[in-house]
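Have the viewer open as you read.

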Amino acid sequence: MTLPLAAVEYGAGPPLAILHGLFGSGRNWASIAQRLAANHRVIAFDLRNHGASPWAETMDYGEMAEDLRASLHAHGYERVALLGHSMGGKVAMIAALEHGAAVERLIVADIAPVAYPAHHLWHVQAMRRLDLAAIKRRSEADARLAGAIPDPGERGFLLQNLIFDNGGVRWRTNLAAIEREMPRLVGFPAVAEGRSYEGPVLFIAGGRSDYLQPAHEPAIRHLFPKAEIARIENAGHWLHAEQPDAFLAIVESFLNR
């Protein structure tokens, strides 16, 4: 069953859909979207179980690609460029492979069409262990997570999902579903033999990230024969947030060809 995805739209011009990564939301991309909106109609989606979009028990990449296809159609878009980061990059890749005629071009930020170790499982488990009934301020949640998640930047990113409303505290991400579906999320679905996406594709790697490595290039070119690979040397996995000017320069050059 497809789900209607929440989205925020910016600007005018050729449509460009943005898909965030795990634990993210469209609003994480607001500053990038606003700058791209100078030349494009940008649609920043919340994927299922994230942000303001509906929750579901399952979230494999085929389902998320269908959510995207149906939501784009509901918004009146038949053919778009796609930009996806991390988990959103995998959704974008599957959408291009399954519905290539609807994808004008594809940008994949710091992820490859391969399986990864479940590094984020302990993040989910730490978040689920947090006693929300005892939390009154975000700083308290930050302190309680520090033992399990020592990096303050990672904690700050995850705690964007902590919502204070109606006198209570809740997570806006479906942590139970994410934990259950983690084996699928870190994997990549089998693709039918001979299937590929023949449109223009740009992969962007963070130079300090190990998510997109030279060893992944054969898998990339098998499915995306026209792929180009760029690298931002002074960026990690969240390359768009760490080096926004360099990221935008690469993306805009590719989009404006």
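Seven strands make up an open sheet with mixed pairing, in the order E1-E3-E2-E4-E5-E8-E9. Strands here are DSSP E runs of at least two residues and helices are H or I runs of at least four, numbered from the N terminus; two strands pair if DSSP finds at least two bridges between them. At the edges sit E1 (7–10) and E9 (227–232), each pairing on one side only. E8 (residues 201–206) and E9 run parallel, joined by six bridges, and Phe-203 has Ile-229 as its bridge partner in E9.

This is a predicted model: local features need pLDDT of at least 70 and side-chain atom pairs count only at pLDDT 80 or more, while totals for chains, interfaces and linings use all residues. Residues are numbered from 1 along each chain as its sequence is written, and side-chain values use heavy atoms, leaving out hydrogens and water.

Angles run from 0 to 180 degrees between N-to-C directions of axes fitted to C-alpha atoms, for helices over the stretch in contact (heavy atoms within 4.5 Å).

| Helix | Lies across | Angle |
|---|---|---|
| H3 (residues 87–98) | E2, E4, E5, E8 | about 145° to E4 |
| H10 (residues 244–255) | E2, E4, E5, E8, E9 | about 160° to E5 |

Now the packing. The largest nonpolar core has 62 residues, and Phe-203 is among those touching the most other members, as is Leu-185. H3 gives the most to this core, with eight residues. Leu-185 touches Met-87 and Ile-178, among others.

Methods. Core = buried A, V, L, I, M, F, W, Y, C linked by side-chain atoms within 4.5 Å. Buried < 20%, exposed > 50% of the residue type's maximum accessible area, 1.4 Å probe, protein only. Lists of a residue's contacts leave out its neighbours within four places in sequence.
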